[in-house]
Amino acid sequence: PDPLASLLAPPANENPQQKAARERAEAEARKVSEAIDEQIRQEKIAMKKRGPVKVLLLGQSESGKSSTIKNFQLRYARDQWMAERLSWRTVVYLNLVRNVVEVLDILVQAMEAKGNGRRSTSSADATDSDRERRSQSSNNSNKFSDKYSLLKLRLAPLRSVLTDLERRVGPGSLEVSSPSSPTSERRMLFGRESGMGIGSSNGRKVDKHRPPTGEGRTSSPKMPREDHDEVTDILLACKDDMKNLWEDSLVQELLSQRKVRIEDSSGFFLNDIDRIVSRDYEPSDDDVVRARLRSVGVQEYKFTVAAGQCILDQGKEWIMYDLEGTRSMRASWAPFFDDVNAIIFLAPISCFDEQLREDRNVNRLEDSLQLWRTVCSSRILAKTQIILFLNKCDILRNKLQRGVQVKAHVPSFGDRKNDAATAMKYFQHHFKEIFKASSPEQRSLYAYFTSVVDTQATSATLTMGKYQFHGIY
C-alpha cells in the first residue's frame, strides 16, 4: 500500500461542515502556493531584465552557430569587431591551405591508384559504387602527365604549413570525424524518435567556463608578425600552383566523380586565392564570417550594444553561448538552460543528402530534426523564446539547381516540385509541426530562412526580426 495514501486521505468520519472547512483551507493553501510561485517567476523575469541578455545558440556541428554570432557582433558591436578582425587572418590562411591539401589528396590518391593498382576493398566486398569509382580512376589514369607529379611536389610545403597553423590555432582547427566512414548513404524518415535526451539542470556540475580571450572566443589566435611573413612567403611561392590545381579540368573531373563539393563546405576560399595570398591582405567582414573554426566545448561571447542601434538597447550587455553541436557534447547543454532569455536554433536544411562527420550512418537533416524535437519538448525551456534559423538556403538552392533530387534522400517529399522554394516550405512545415506537437506549453515560434555567411542577407534578417530580438528581454 502507498504510505502516503493514508496521510492524504480525508478523515474517515468527516461530517459535511468539517469537509467544507477542510476544502476551504486546502484552497487557501493552494492560493498561497500559487502566489509564491508567481512571485518567484516575476523575480526571475526582473533579474533577467536587470542583468545581461543571455542567448543560447543550439544546433548540430557546422550548422552556422558561430557565423550567426559573428553577424550579431558585426551589426551591434562594430568597434569590437573592427579591433579583432585582423586576427582572423590566421584562420583564413588555415582554411585556404586545408582546401588545397584536400584537393591535392584526392589527386594523389588517383595518381597512386594508377601507379600500383591499390584497391580500398577486395573484389568480393566491393560495392557498385566502389567498382564505379575504380573504373573512373582507371579511365583517368591514362590522362595523368608529369605536370601533376610536379604539382604534387611543388605544393608539398603546404602540408607542413597546415600542421603549423593547426598547432597555433588549437583544437578548434581540427574537425570531428567518424571512426568508420562507410560510403553507403542512409535515407531519412521524418518523425523518428530520438534516443538522445537533455536532462535537468538541477545540481549543475558543468562549469560555464570562459575561453582564454577576455571577452570570449570572439577572435582567432594571433600569430607573430615574423611567422605570418614566413607563412605568406610559402603561400606566395605556391600561389600559381594552387590556382592551377583548383582550376585544372582533370582535377575538377575527379572531384565531380567522387561527389566532392568543397565549395559547399564552411571555410571555402579557393576562389579567392588572388586576393588572399598577398602581403597586405586583411580579412574583410565577409571573410571573417565565412572563416571556419570549430566550436570546442562551450564558448562564451560578450558584447555591448553600440550607440546608434535603434533596435537593441544602447549599452545593454549581451552574452551569447555557442554550444558544441557534436553528439557527444549535447549532454553538456542542460546547465545553461535555467536562466537563458532566448534560444536561436540553427537547422541547416541543405544537408538532406549528407551524413554526420562523427557518425556516417546518420543523416544530418534527420539528426537536426531529432535534436529540434528534444529542445522543443524540454520542460526547462517551456517558457523560453525560441527562434529558428532554417540555414544554408543558398547551398540548398545550388544543390537543387545541379539536379540533386530531394525525394532520393527524403522519400516523404514525394513528387513535389524539386526546387528551392518547394523544399524550403516543406522542411519549414516539418519543423513547425514538431514545435507545435512537442512544446509543453503553447507559445509562438519565429522562423527565418537564412544563409548566415551572407552578411547583407543576415543583416536584413536581424532587422526583420527586430521585435523578437528586442522582446526577449
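E62 counts as buried because its relative accessibility is 15% (buried means under 20% relative accessible area, exposed over 50% and partly exposed in between, with a 1.4 Å probe and protein chains only). E62 sits in the loop between β1 (53-58) and α3 (65-76) and has a positive phi of about 65° without being a glycine. Most residues other than glycine have a negative phi.

K259, also not a glycine, has a positive phi of about 55°. Its loop runs between α10 (249-257) and α11 (273-276). With 74% relative accessibility, K259 counts as exposed.

## Basis of the values

This is a predicted model, in which local features need pLDDT of at least 70 and side-chain atom pairs count only at pLDDT 80 or more, while totals for chains, interfaces and linings use all residues. Residues are numbered from 1 along each chain as its sequence is written, and side-chain values use heavy atoms, with hydrogens and water left out.

## Helix α8

Helices (H or I, at least four residues) and strands (E, at least two) are DSSP runs numbered from the N terminus. The 13 residues of α8 (residues 157-169) should span 18 Å at 1.5 Å a residue, which agrees with the 19 Å between its end C-alpha atoms; the expected span is 1.5 Å times one less than the number of residues.

Buried in α8 are L158, V161, L162, L165, E166 and V169. These cover an arc of only 135° around the axis, so they lie on the same side of α8 (the arc is that of the directions from the helix axis to the C-beta atoms). Exposed T163 and R167 are on the face turned away from the buried side.
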